[in-house]
Amino acid sequence: MNAGSAGSDAAASTATAGTATATATAARSRTPDRLCADAVQLAREVAAEVAHPQPLGPYLGAVAEGDRVVTHFFASELPGYPGWRWGVTVARAARARYVTVDEVALTPGPEALLAPEWVPWSERLRPGDLGPGDLLPIEGDDPRLEPGFVADAPEREAGDRGEVADVVADPGMGRRRVLSWYGLSEAADRWDEAFGPETPMAAAAPANCVSCGFLLPMAGSLRQAFGVCANVYSPADGHVVSLRYGCGGHSEAAVSPPAPTPPSPVIDHMGADPL
Ligand code: SF4
């Protein structure tokens, strides 16, 4: 912020020395130096100059940064900075009678409104964030993946996969990376949470998916625990479901009774209607 750098210009030559002194002696003394603590007016003038054209708020007190180093605080009236304060650090050399200004900075107070801590995009990403046209880079060491069957010889031309690769590509073995055990476990936990036996729908279901005619079996190791629901009326339609999941749309749970057949009409052959 310009405010801090502007204040530093006032005593640039003493800033470095003052900071070093404060660092070295902070642990030794927390009693404010009397001359530095009395330099409130000097601090106010410098803070007002930096804060201009905004007015300076009331004096908030001072803290000792170290031997002969004190920071005075003034409330900030800057729009958009509630709780922030101007800090003016003053210092005095040993046996010197004059106090100089080290630096002026706008600093957050205990009640300051601060931006949330920055989080890398890879940690901010949530399921469902990927939209049409988005590209999601997958790290080379993503634990959900592990090397798959790769038959490409390094000397082959690009696009020429070789005979072995051509054969194994059809059953799906030609991928460079496949799901690792960690990736499988993570997916299974996720599916089990969404469409598993612990859900309210499964608890109220008349039977489990394992005996339902709408269940499509899966391939691979997870077929022993999961399948895909293909009942358009089920909330799980198109989703991977646990074999212990279930819903009211189970194919055998409630078979509809046959529609009633109306009785044959009764025709009176003996009587005659008056004309
Ligand atoms: S209709 Fe219901 S019981 Fe049948 S597979 Fe789908 S979720 Fe499971």
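## Leu179 and the basis of the model

With 18 C-beta neighbours inside 10 Å, Leu179 counts as partly exposed; a residue is called buried if 20 or more other C-beta atoms lie within 10 Å of its own, exposed if 12 or fewer, and partly exposed in between, with C-beta atoms placed from the backbone. Leu179 belongs to strand β6, which covers residues 177-179, where helices (H or I, at least four residues) and strands (E, at least two) are DSSP runs numbered from the N terminus. Although Leu179 and Arg144 are 35 residues apart in sequence, their C-alpha atoms are 5.8 Å apart in space.

The model is predicted, and local features need pLDDT of at least 70, while side-chain atom pairs count only at pLDDT 80 or more, and totals for chains, interfaces and linings use all residues. Residues are numbered from 1 along each chain as its sequence is written.

## The four-stranded sheet

An open sheet of four strands runs in the order β1-β2-β3-β4, and its pairing is antiparallel; two strands are said to pair if DSSP finds at least two bridges between them. The edges are taken by β1 (56-66) and β4, each of which has a single partner strand, so one side of each is left without a neighbour in the sheet. From one strand to the next the twist averages 20°, with axes being lines fitted to C-alpha atoms, for helices over the stretch in contact, and angles running from 0 to 180 degrees between N-to-C directions.

Strand β2 (residues 69-76) pairs with β3 in the antiparallel sense over seven bridges, and within this pairing Phe74 stands opposite Trp86 in β3, while Val69 has Ala91 of β3 as its bridge partner. On β3's pairing with strand β4 (residues 100-108), which is also antiparallel, there are eight bridges, and Gly87 finds its bridge partner in Ala105 of β4.

## The enclosed strand β3

Eight of the eight residues of β3 (residues 84-91) are buried, so the strand is largely enclosed by the rest of the structure. Trp84, Trp86, Val88 and Val90 point one way from β3, whereas Arg85, Gly87, Thr89 and Ala91 point the other way, and all are buried.

Helix α4 (residues 40-51) has 12 residues and reaches 16 Å from its first C-alpha to its last, close to the 16 Å expected at 1.5 Å a residue, the expected span being 1.5 Å times one less than the number of residues. In α4, the residues Ala43, Val46, Ala47, Val50 and Ala51 are buried. Seen down the axis of α4, the buried residues fall within an arc of 130°, so they line one face of the helix; this arc is that of the directions from the helix axis to the C-beta atoms. An α-helix has 3.6 residues a turn, so residues three or four places apart point the same way.

The loop between α4 and β1 holds Pro53, and the peptide bond from His52 to Pro53 is cis, with omega near 10°. Gln54 lies in the loop between α4 and β1 as well and is partly exposed, with 15 other C-beta atoms within 10 Å. The C-alpha atoms of Gln54 and Leu78 are separated by 6.2 Å, although these residues are 24 apart along the chain.

## Two arginines with positive phi

Most residues other than glycine have a negative phi, and most peptide bonds are trans. Arg68, in the loop between β1 and β2, has a positive phi of about 60° although it is not a glycine, and Arg68 is buried, with 24 other C-beta atoms within 10 Å.

Arg95 is placed in the loop between β3 and β4 and has a positive phi of about 65°, again without being a glycine. With 6 C-beta neighbours inside 10 Å, Arg95 counts as exposed.

An open sheet of three strands has the order β7-β8-β9, with antiparallel pairing. The edge strands are β7 (215-217) and β9 (240-242), each pairing on one side only, and the twist averages 50° from one strand to the next. Between β7 and strand β8 (residues 226-229) there are three bridges in the antiparallel sense, and Leu215 stands opposite Cys229 in β8.
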